[in-house]
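User: I would like to go through the labels used for this structure. Please set each value against its definition.

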Amino acid sequence: MTPDLHVIGAGGHAKVIVELAHAAGRNIAGIYDDQFEEHPGVLDYTVTGPIASFPDTPDVHAIIAVGSNCFRQVIDGRFQHVTWATLVHPFSWVSPSARLGPGTVVMAGVVVQAQATLGRHVIANTGCSIGHDCAVGDYVHLAPGSRLTGGVHLGEGSFLGTEASAIPGVTVGEWSIVGAGAVVSRSLPANITAVGAPAKVIKERPTGWQND
C-alpha cells in the first residue's frame, strides 16, 4: 500500500500539490505551515500545525508545497530523515529514460523527454516541456508553459518564467531568474535577472541572496 503523504506548505501552491497528490493516487496525512493561523485550511483539509510539528522519520512520506526555490532548499536541509515523494500527474508524460529526483513534482500537461535529469524538489509546472538531455538542478522552478529544448542546463535554484524558452545547449546559472516570455539564446551567469528576447541581464544579485 502506498503511504499517505504529508504536505509542508499551505498557500496557493499547496492547493495544486494536494490535487496533484490525489491525481497520483496519494492520500493526505497532514499539512504543516508556520502561518497556519493565516492559512487554516487547504481545500477540504485543515492545517495540522506549524512545520516544527512535522514528524521527521524515514517512514513518513512528504512533499514540499512551497513555490519559493530558496524556501524549498531551506526546508529540505531542515529535515534529514523523511522520505521525500516524487509526484507525476497522470496527464503528463515522462520518458522512461528520464530521471526525477526526490521531492520533484510534475504537473498536468508536462512533457519530459529522453535522458533529461531533474534534481531534488524541482517544480515542473503546468504545461512546460523539458527536452532531451536537459539537466535541471535542485530547487529549480519551470513556470507554466516554459520550454527547454535539447541539452539545456538550469543551475540550482534557477527560475524560468511563464512561456520563457531556452535554445539548445545553453546554461542558466545558479539562482538566476529568467522573466516571463524571455528567450535564452546565450548562456546566462549565476545570480542575475534576465528578460526579453533575446534574454539580457538587467540585474545582478549578490551571492547568497537566495537564503535571505
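Analyst: Two strands pair if DSSP finds at least two bridges between them. Strands (E, at least two residues) and helices (H or I, at least four) are DSSP runs, numbered from the N terminus. This is a predicted model: local features need pLDDT of at least 70, side-chain atom pairs count only at pLDDT 80 or more, and totals for chains, interfaces and linings use all residues. Residues are numbered from 1 along each chain as its sequence is written, and side-chain values use heavy atoms, with hydrogens and water left out.

User: What makes strand 19 and strand 22 a pair?

Analyst: Strand 19 (residues 159–160) and strand 22 (residues 177–178) share 2 bridges, in the parallel sense. At least two are required, so the strands pair. Phe-159 stands opposite Ile-177 of strand 22.

User: Which sheet holds these strands, and in what order?

Analyst: An open sheet of 8 strands with mixed pairing. The order is 7-10-13-16-19-22-24-25. Strand 7 (87–88) and strand 25 (200–204) each have a single partner strand, so one side of each lacks a neighbour in the sheet.

User: How do you know that Cys-128 is in no disulfide?

Analyst: A disulfide is a pair of cysteine sulfur atoms within 2.5 Å. For Cys-128, the nearest cysteine sulfur is that of Cys-134, 10 Å away. For Cys-134, the nearest is that of Cys-128, and Cys-134 is in no disulfide either. The search of the whole structure finds 0 disulfides.

User: Why does Cys-128 count as buried?

Analyst: Buried means under 20% relative accessible area (exposed is over 50%, partly exposed in between; 1.4 Å probe, protein chains only). Cys-128 has 1% relative accessibility, so the label is buried. Cys-134 is buried too, with a relative accessible area of 1%.

User: Why is the pair of Phe-54 and Phe-79 called edge-to-face?

Analyst: Rings of Phe, Tyr and Trp (its six-membered ring) pair if their centres lie within 6.5 Å; planes under 30 degrees apart count as stacked, over 60 as edge-to-face and the rest as tilted. Phe-54 and Phe-79 have centres 4.9 Å apart and planes at 70°, so the pair is edge-to-face. Both Phe-54 and Phe-79 are buried.

User: What are the values for Tyr-32 and Phe-54?

Analyst: 5.4 Å centre to centre and 80° between the planes: edge-to-face. Tyr-32 lies in strand 2 (residues 28–32) and Phe-54 in the loop between strand 4 (45–46) and strand 5 (61–64), so the pair ties together parts 22 residues apart in sequence. Tyr-32, Phe-54 and Phe-79 form one aromatic cluster.
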